Amino acid sequence: MITSALIFAFVCFGLGLLLNLWRMATGPDTADRILALDTMVINIIALLILYGIWQGTAVYYEASMLVAMVGFVSTVAYCRFVLRGDIIE
């Protein structure tokens, strides 16, 4: 039962990742592209967590925490670059 639930979740988050990639490629505005990139990071974190559950190891939880931190910092840096033109003042 858990295997079918994991496969369903993999398909759902994979489809969400593809739709976010489409939004990032065809977004009408820069803000839409930034939001799509941030949502892609969230979907990648969910896929890492699901893969960790499937494999039964805790290594992927730690990797998802690293991806979350890098994703947050990259989103903030990209927003600052769009708003101010530079990242470091």
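Which residues of α1 are buried? Point 2 takes this up, after a word on the model.

1. **Model and annotation.** This is a predicted model. UniProt, in an unreviewed entry, places the feature "transmembrane region" at residues 6-22, 34-54 and 60-83. Such annotations may be inferred rather than shown by experiment. In the model, residues 6-22 are 100% helix and 0% strand. Their end C-alpha atoms lie 24 Å apart. Residues 60-83 are also 100% helix and 0% strand. There the end C-alpha atoms are 34 Å apart.

2. **Helix α1.** The buried residues of α1 are Leu-6, Ala-9, Phe-10 and Asn-20. Their cover includes α2. The helix runs over residues 2-26. Its 25 residues should span 36 Å at 1.5 Å a residue, and the end C-alpha atoms are 36 Å apart, so the two values agree.

3. **Helix α2.** This helix covers residues 30-55. It has 26 residues and reaches 37 Å from its first C-alpha to its last. That is close to the 38 Å expected at 1.5 Å a residue. The buried residues of α2 are Ile-34, Ala-36, Met-40, Val-41, Asn-43, Ile-45, Ala-46, Leu-50 and Gly-52. What covers them includes α1 and α3. Just after α2 comes Gly-56, with a positive phi of about 75°.

4. **Helix α3 and Ser-64.** Helix α3 spans residues 59-84, and Ser-64 sits in it. Is Ser-64 buried or exposed? Ser-64 counts as buried because its relative accessibility is 4%, and the cut-off for buried is under 20%. Leaving aside residues up to four places away in sequence, Ser-64 touches Ile-45, Leu-48 and Ile-49. One of these, Ile-45, is on the list of buried residues of α2.

5. **A nonpolar surface patch.** Which residues form the nonpolar patch on the surface? They are Ile-7, Val-11, Tyr-51 and Trp-54. Together they have about 390 Å² of accessible area. Both α1 and α2 contribute, each with at least two residues.

6. Ile-7 belongs to helix α1. Its relative accessible area is 42%, so Ile-7 is partly exposed; that class lies between 20% and 50%. By contrast, Leu-6 is among the buried residues of α1. An α-helix has 3.6 residues a turn, so residues three or four places apart point the same way.

Note on methods
Residues are numbered from 1 along each chain as its sequence is written. This is a predicted model: local features need pLDDT of at least 70, side-chain atom pairs count only at pLDDT 80 or more; totals for chains, interfaces and linings use all residues. Side-chain values use heavy atoms; hydrogens and water are left out. Helices (H or I, at least four residues) and strands (E, at least two) are DSSP runs, numbered from the N terminus. Patches are made of residues with over 30% relative accessible area and no salt bridge: like charges are joined within 9 Å, nonpolar side chains (Val, Leu, Ile, Met, Phe, Trp, Tyr) within 5 Å. Accessible areas come from the Shrake-Rupley method with a 1.4 Å probe; for residues, only the protein chains shown count as cover. A salt bridge is a side-chain nitrogen of Lys or Arg within 4 Å of a carboxyl oxygen of Asp or Glu. Buried means under 20% relative accessible area, exposed over 50%, partly exposed in between (1.4 Å probe, protein chains only). Contact means heavy atoms within 4.5 Å. The expected span of a helix is 1.5 Å times one less than its number of residues.
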